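Here is a short report on a predicted model. It looks at a sheet and then at a nonpolar core.

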Amino acid sequence: MIIKDVLCPFCGCLCDDLAVEVENNKVVDVKHACKIGASKIMGHDRIKAPMMRDDKNGEFREVSYDEAINESAKILANSKRPLLYGWASGLCEMMAKGILLNEEVGGIIDNTASVCHGPSVLGVHEKGLPTGTLGQFANRADLVVFWGCNPVQAHPRHMSRYSVFNKGFFASKGRRSRKVVVFDVRKTDTAEMADEYVQVNPGEDYIVMSALRAIIADKADVVPDSVGGVPKEKLVELGEAMKGAKYGMVYFGMGLTQSRGKYKNIDNAVSLITELNAHGKHSILPMRGHYNVTGFGQVCAWETGFANAVDMSRGIPYYNPGETCSNDLLMREEIDSAMIIAGDAGAHFPAQSIARMSKVPVIQVDPFHNPTTEMANIVIPTKVSGVELEGTAYRMDSVSLRMRKLVDVDFPSDEEVLDKIIAKVREIKGASS
Amino acid sequence: MNLNATFISGRTVNQGCNLENKTSQAYFDAAAYCEMNSKDASSLGVEPGNNVKVTTDHGSVVVPMAICDGNPDGLVFIPMGPWANAVVDPDTKGCGMPGFKGISAVVEPTDEKAPTMPELMARLK
């Protein structure tokens, strides 16, 4: 059986044109997906059953779901400062349950944006976000800038579906209708395909943006001969190209959020776009990684008022990145337990943060064995969302789409596990109050 | 001979393909290497596949070297994952985001073995 129009549960592109061949309830072929999406949907070896251990250096023993869930609830209910981290590989329905669990245990809920586009959220707080949807950009953009992002490696079909090679209503010649510029510290595969590659010194993106803003404001005379490793004449040429664009688009990634300046880079990029809008139409969009990391921001914002790093220890939502983000909490040795769900802190947090996480009980809810498993005391395997479970996800441009189920499995969903943990936590808390 | 470098990490296609396959050799091959340009590699006297030790103020890690001539002189790259994270800066400078890019590093040839994922995590327990 071939299932058409399948959505890909890997990156924020949420490609929705996949064809997946299923035989005897097994995925046997994936068409139209990129290499990463195909790999994800074809599947990998997974954790077979719930497991527990007291000593993190000891062997796991298989346990029942009830035992693992009850023990997890005990740990969370008896913690003073539990951290509930991950969420981005799950569906919106389970995220809502996670936010409820966090409220019940008075913990901190944080998602993978903490080590990804968290600074973009801060930049948006400062300056807003002049943006739109990928459909608009696909049909209109005649100038496409990739700043500190490398879609060829990280979002492989972005350039063919949304941004560069695709034909659009106002871009009838596809690639030839658009000028493509890449700002990066190294000549990436994306830079190889661009019309212009602008090599920026590491950590100097901010001043390059400031120089472009000066040039666009007709104050090129204040710009020095070279800024951030880029010659002034090149900056003037780029500034003029930006001003002359009918529809300019800037996509940005970790090259801005993780390097010096962090959220201030996003603040400056948004200012650049706002000023360019005096000349043509311009938009900006973060290149979101996990397929539903955008969804967590949405669900958390409508449930708590904040997009991530929400501390419920006071009984009301409190948010202060730098204080309530996962790595800040870990480095201050503040948390006394952690639930890592639909995200892999073990692989993607700095080693020193993980060393601190290893000192507290860790509950992992995930289909796969990964570095977090190495640090876990309790492991609860669940369904792979978007392959084994349907539900809602948000594309990188905040368009909500319905993910599809392709095969049936016996594993519980994240939502079912969270429901049971919430019920048990209420029972424990009710008995003690 | 050591190389004074600026370290960055980031995504790659193969790292992405093995995100749910992190106990495999394929994940090791996809995430445990350090890219630098040919000039920096020859200044260190290392060939692709030879191990190098990358050391920052925050830790050190041994991984095989690979060539990427898109890197400017003195820029080294390890794909995002536990090997890169052995040397990144956990300090978020008050904004929640650790320093995954733009870290001063020293790279040197070594005969030491590159750790497997479980070996790397065991060091942190």
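## Sheet and core

Strand E9 (residues 179–184) of chain A pairs with E10(A) over four bridges, in the parallel sense. Within E10(A), Gln199(A) stands opposite Asp184(A).

These strands belong to an open sheet of five strands in chain A. The order is E10-E9-E8-E13-E14, and the pairing is parallel. Strand E10 (196–199) and strand E14 (281–286) of chain A each have a single partner strand, so one side of each lacks a neighbour in the sheet. Those two strands stand at the edges. From one strand to the next, the twist averages 15°.

A helix joins the picture. H12(A) packs on the sheet. Its direction makes about 160° with that of E14(A). The strands that H12(A) touches are listed here, with E14 also among them.

| Strand touched by H12(A) | Residues |
|---|---|
| E8 of chain A | residues 143–147 |
| E13 of chain A | residues 247–252 |

Now the core. In soluble globular proteins, nonpolar side chains tend to be buried together. Here the largest nonpolar core holds 178 residues. Which of them touch the most other members? They are Ala269(A), Cys34(B), Val54(B) and Val76(B). Helix H12 (residues 263–276) of chain A gives the most to this core, with seven residues. The core also draws at least three residues from each of two domains of chain A: domain 1 (45–116 + 291–432) and domain 2 (119–286).

Val76(B) has contacts in chain B. Leaving aside residues up to four places away in sequence, Val76(B) touches Ala5(B), Phe7(B), Cys34(B), Glu35(B), Met36(B), Val54(B), Ala105(B) and Val107(B).

Conventions:
Residues are numbered from 1 along each chain as its sequence is written. Chains are lettered from A and ligands numbered from 1 in the order in which they are written. This is a predicted model: local features need pLDDT of at least 70, side-chain atom pairs count only at pLDDT 80 or more; totals for chains, interfaces and linings use all residues. A nonpolar core is a set of buried Ala, Val, Leu, Ile, Met, Phe, Trp, Tyr and Cys residues joined through C-beta atoms within 7 Å. A residue is buried if 20 or more other C-beta atoms lie within 10 Å of its own, exposed if 12 or fewer, and partly exposed in between; C-beta atoms are placed from the backbone. Domain bounds come from an automatic or database domain assignment. Two residues are in contact if their C-beta atoms, placed from the backbone, lie within 7 Å. Two strands pair if DSSP finds at least two bridges between them. Axes are lines fitted to C-alpha atoms, for helices over the stretch in contact, and angles run from 0 to 180 degrees between N-to-C directions.
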